[in-house]
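Here are a few friendly notes to read beside the model. Please keep the structure open as you go through them.

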Amino acid sequence: MANKDRNKRSVRKARAEERARVEAAQAASAGSQSGSSKAVAKTEKKAEKKPEKKSDKKPGLFRRFFNYLAEVRSELRRVTWPSKEELKSYSVAIIAMLIVFGVVIWLVDSGIVAALVGYTGLRG
């Protein structure tokens, strides 16, 4: 349980930091809104026309693959894995549901076959 509480706290902290960042960006944009819209348009055009640097290029195939594996590894560290007891109870619940749905499908199938045999008078 301590691990789950720690994860909840870190998520709350990350959300608070994100809200603070968004509010700061909105405040900065509100301050720049008071200037003329032509100046804003000119700065946007200048930003669009910047030539691409070598560092702006996409990394190579192997670098992207290794970055992907590193991200997968970091995500798997954050996963809250079920305990042995939870895993057993989940497995029993799934097996029970499979049996229930299997019986229901078998009954519906048998009913449809019986209705077709009764309707057509044929035996399969």
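In which helix do Glu-75 and Arg-78 both lie, and how many residues apart are they?

1. Glu-75 and Arg-78 both lie in helix α3, residues 61–78, and they are 3 residues apart, about one turn of the helix. Helices here are DSSP runs of H or I with at least four residues, numbered from the N terminus. The side chains of this pair meet in a salt bridge, at 3.0 Å from N to O. That term stands for a side-chain nitrogen of Lys or Arg within 4 Å of a carboxyl oxygen of Asp or Glu. Glu-75 is partly exposed, with a relative accessible area of 45%, and Arg-78 is exposed, at 55%. (Buried means under 20% relative accessible area, exposed over 50%, and partly exposed in between, with a 1.4 Å probe and protein chains only.)

2. Before going further, a word on where this comes from: this is a predicted model, in which local features need pLDDT of at least 70, side-chain atom pairs count only at pLDDT 80 or more, and totals for chains, interfaces and linings use all residues. Residues are numbered from 1 along each chain as its sequence is written, and side-chain values use heavy atoms, with hydrogens and water left out.

3. The structure holds 2 salt bridges. In one of them, Glu-18 pairs with Arg-21, and the closest N and O atoms are 2.5 Å apart. Both residues lie in helix α1, 3 residues apart, about one turn of the helix. Glu-18 counts as partly exposed at 37% relative accessibility, while Arg-21 is exposed at 51%.

4. Helix α1 covers residues 2–33 and includes Lys-8. Lys-8 also belongs to a surface patch of positive charge, together with Lys-4, Arg-6, Arg-9, Arg-12, Arg-15 and Arg-19. (Patches are made of residues with over 30% relative accessible area and no salt bridge; like charges are joined within 9 Å, and nonpolar side chains, namely Val, Leu, Ile, Met, Phe, Trp and Tyr, within 5 Å.)

5. There is a nonpolar patch on the surface too, with about 950 Å² of accessible area together; its members include Phe-62, Phe-65, Tyr-68 and Trp-81. Phe-66, another member, is found in helix α3 and is partly exposed, at 46% relative accessible area.

6. Finally, confidence: the chain averages a pLDDT of 82, and 77% of the residues score at least 70.

Technical notes: Accessible areas come from the Shrake-Rupley method with a 1.4 Å probe; for residues, only the protein chains shown count as cover. Lys and Arg count as positive and Asp and Glu as negative; His and the chain ends are not counted. The place of a charge is taken as NZ of Lys, CZ of Arg, CG of Asp or CD of Glu. Helices (H or I, at least four residues) and strands (E, at least two) are DSSP runs, numbered from the N terminus. pLDDT is the predictor's confidence in each residue, from 0 to 100.
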